[in-house]
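Here are some notes on this one, jotted down as I went through it. Have the viewer open while you read.

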There are 2 protein chains.
Amino acid sequence: MSVKVSIINIGNELLLGRTVNTNLSWLGNQLAEIGLPITKSVTIQDDPQEIQNTLRSEWRQNDIVIITGGLGPTDDDLTKKTIADFFGKKLEFREEVWMDVQEIFTRRSLQVPEINRSQAMVPEGFVALRNTVGTAPGLYFTQDGKSLFALPGVPLEMKNLFENHISAILKNKYQCNPVIIRQIRTWNISESALAEKLKDVSIPEEIKLAWLPQTGRVDLRIYGYDKDLIEKCLNQIREIAQEWVWGEDEDTPQTILYEFLTKKNLTLAVAESCTGGLVQQLITSVPGASKYFNGGIVSYSNEIKINQLKVKSETIDKSGAVSVETAAEMALGVRTEFKADIGISVTGIAGPEGGSKEKPVGTVCFGISDKSQLLTTKVVFNGTRDSIRFKAAEFVIIYLIKSSRSQA
Amino acid sequence: MSVKVSIINIGNELLLGRTVNTNLSWLGNQLAEIGLPITKSVTIQDDPQEIQNTLRSEWRQNDIVIITGGLGPTDDDLTKKTIADFFGKKLEFREEVWMDVQEIFTRRSLQVPEINRSQAMVPEGFVALRNTVGTAPGLYFTQDGKSLFALPGVPLEMKNLFENHISAILKNKYQCNPVIIRQIRTWNISESALAEKLKDVSIPEEIKLAWLPQTGRVDLRIYGYDKDLIEKCLNQIREIAQEWVWGEDEDTPQTILYEFLTKKNLTLAVAESCTGGLVQQLITSVPGASKYFNGGIVSYSNEIKINQLKVKSETIDKSGAVSVETAAEMALGVRTEFKADIGISVTGIAGPEGGSKEKPVGTVCFGISDKSQLLTTKVVFNGTRDSIRFKAAEFVIIYLIKSSRSQA
């Protein structure tokens with residue numbers, strides 16, 4: 001019989017539409033991956049009577065109940081007290097939790113507000129799960145073979161507690177067959193064009209294929225329980241879609257870049273305009289990026305392109321700031337000025353203003369410069385300002401990876 | 001007595017975490033605005049037994065039940081049949097709905113697939129709500145003064161039906177007062193410390209105060225029906241928390257920066273290290289940022305701090321790259337090199353590597369340089385690499401806004 005899992009989300013903002021419930025989708029993903037997909041989810045107001053009623057019905061009908069929200073220092077401990085009452089338990093003071101709370105404040109050189117003392121109160125017989133990124137511990141209780149977890153609603157803390165504690169507890173208790181989920185990540189091709197290319201790939205019934213269009217690219221998700229069957233499908237797709245595949249599974253453009261540059265022992269500098277820092281932000285989101293990333297320039301004004309990047313003012317006058325000619329000089333300029341092995345550049349029109357008939361909003365030019373060559377390309381993206389910026393930022397990184405691979 | 005509103009979301013992908021439930025937050029917002037805030041929401045699998053059980057409990061406990069999902073052409077009409085059965089109704093063919101469905105296909109010059117004929121089947125006694133952007137009509141039924149709505153799960157169609165039909169039906173039936181929602185945004189103070197400061201603010205019972213801890217800062221949400229009472233609360237909070245308040249309602253650090261710099265007609269340049277481009281990305285996420293943002297440098301290596309930003313190598317040798325001394329020279333350097341009125345800087349340790357006893361991971365130094373002064377400060381943030389970077393990036397923008405305000 002399948003294990004029934006219910007999530008209770010507590011929070012008025014979720015019902016008032018001020019906060020989108022990303023906790024639920026994150027938990028849904030995690031639980032599906034360990035073979036315990038969510039059966040049902042209930043979102044309620046931060047009200048003891050509602051919590052009591054919902055807990056009663058969900059605890060009766062399910063094997064695992066996970067409560068999120070209502071555990072912060074200002075939540076008056078309503079949730080914790082309600083849970084304790086429901087199971088007929090008293091709240092007790094836990095010295096070790098109080099020490100953790102104090103330590104978090106001490107680390108930040110802050111005094112511990114008295115209000116936080118309540119966070120060390122835990123229902124009798126409950127396990128306090130250590131929260132390393134916030135002051136509210138998670139709670140864990142088992143009875144009649146069932147498991148209850150209560151977590152703070154702050155996504156960072158909820159994830160921390162799930163990853164550090166709950167995942168292991170559940171995997172250990174229910175030796176489930178985890179779903180095998182693999183991904184192939186493609187680029188520079190539309191969902192429908194890719195579907196056409198892949199129409200002859202045979203997918204056995206036991207395997208599921210999902211199309212996940214991302215901002216500016218398409219991921220293919222292949223999942224099921226049979227490893228060999230999945231690998232067969234992957235191989236077919238890899239071969240046919242080779243031209244557009246840039247990564248697999250949890251790869252991101254920036255992690256592939258990390259592997260490539262550290263392996264080749266090359267350094268990189270970036271000159272970006274319309275992406276406004278996003279390219280460099282993606283690159284530096286990978287710990288250890290300082291090994292290969294020297295730095296870069298956000299050249300929002302033409303003066304900075306000319307003064308800092310040594311772009312010729314004639315080039316801007318003749319071809320415009322958004323042109324492959326300017327992109328080429330930006331890439332070369334940043335490589336030289338920042339003494340890097342490779343320079344990459346982005347210049348474009350993210351909108352909503354600034355477009356023209358020849359260069360509509362979404363027009364972005366890219367450059368790559370290294371010792372042996374200078375590559376440029378132009379793409380017209382569609383979408384909002386944010387999505388154009390994001391697509392362009394990922395594009396230049398994948399462009400560098402793909403062109404280096406084809407060169408090698 | 002308040003009207004109770006329940007939303008039932010049907011969809012496996014919501015529970016598997018493949019889709020974030022933005023329908024719920026959208027409906028939550030709309031319903032709060034017309035004075036009928038959601039009381040509860042339940043998300044279930046696309047399974048007749050689950051739908052039946054959930055509908056039974058929600059119909060009993062609420063005045064308004066809105067079902068979303070399970071009404072598309074490939075959904076086998078499970079949801080519609082289950083709803084009809086629940087109310088003891090038969091499905092009947094509606095000619096006018098069938099004509100609408102046919103018209104949609106004709107408009108797109110397509111043949112009507114036979115599968116779509118089932119979309120014209122409606123439970124007896126139900127009103128079919130005309131869907132102008134898709135083929136599945138909405139359903140509306142009243143009994144014992146209660147209202148049931150069933151809508152397709154595709155956001156565009158769901159919104160179309162709500163805006164064109166449901167909103168008017170509900171406003172007409174319940175002459176409600178819309179909820180007034182206001183926000184005060186604070187910075188540089190923990191949730192618990194702020195709670196301590198605000199403990200004497202008297203919040204009347206009619207007004208609700210919610211604490212919304214964000215990454216690195218805290219928002220206060222005050223809501224209710226009485227505008228004057230809410231304004232009184234806001235004024236008390238504004239006065240007591242003045243030191244930590246940087247914005248209200250939908251303000252973000254970067255939109256406040258936009259207002260401030262365009263009003264004063266000042267230009268800005270940015271030198272950032274550990275934030276790796278994020279500060280500039282936030283600034284340029286606002287359309288029109290090119291009016292005041294000249295550009296900036298991501299100075300990941302010391303050479304770039306020295307060569308491009310004119311930081312003295314003695315300063316780095318003596319105080320370290322992460323120090324208020326280096327931050328000061330970075331801010332001054334970028335202001336001078338980029339010919340801006342204001343220069344701001346960020347240098348720190350985002351981790352996970354690179355921390356020491358004197359300068360633990362999370363240590364970040366900030367500088368602000370303008371014609372008349374040079375300010376610096378040091379903060380130790382906690383959290384992951386991503387959250388430290390995000391907190392630091394927002395911090396420097398708010399730091400600039402707050403110090404300019406206190407100066408004015």
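1. Strands here are DSSP runs of E, at least two residues long, and helices are runs of H or I of at least four, numbered from the N terminus; two strands count as paired if DSSP finds at least two bridges between them.

2. A word on provenance: this is a predicted model, with local features needing pLDDT of at least 70 and side-chain atom pairs counting only at pLDDT 80 or more, while totals for chains, interfaces and linings use all residues. Residues are numbered from 1 along each chain as its sequence is written, and chains are lettered from A and ligands numbered from 1 in the order in which they are written.

3. Now zoom out to the sheet. It is open, has twelve strands with mixed pairing, and runs E6(A)-E7(A)-E8(A)-E3(A)-E1(A)-E2(A)-E2(B)-E1(B)-E3(B)-E8(B)-E7(B)-E6(B). Its edges are strand E6 (127-129) of chain A and strand E6 (127-129) of chain B, each pairing on one side only. On average, neighbouring strands are turned by 15 degrees against each other, direction ignored.

4. Over in chain B, helix H2 (residues 22-33) lies across strands E1 (5-10), E2 (40-44) and E3 (64-68), running at about 160 degrees to E1(B). Axes are lines fitted to C-alpha atoms, for helices over the stretch in contact, and angles run from 0 to 180 degrees between N-to-C directions.

5. What does the contact between the chains take from each? It takes 64 residues from chain B and 66 residues from chain A, where contact means C-beta atoms, placed from the backbone, within 7 Å. On the chain B side, H2(B) gives the most, with eight residues. By class, that side has 28 nonpolar, 28 polar and eight charged residues.

6. There is also strand pairing between the chains at E14: strand E14 (residues 293-299) of chain A and E14(B) run antiparallel, joined by five bridges. There, A:Gly296 has B:Val298 as its bridge partner.

7. On domains, chain A is split into domain 1 (5-173), domain 2 (180-248) and domain 3 (253-407), with bounds from an automatic or database domain assignment. The centres of domain 1 and domain 3 of chain A, taken over C-alpha atoms, are 44 Å apart.

Terms used: Contact = placed C-beta atoms within 7 Å. Nonpolar A, V, L, I, M, F, W, Y, C, P; charged D, E, K, R; others polar.
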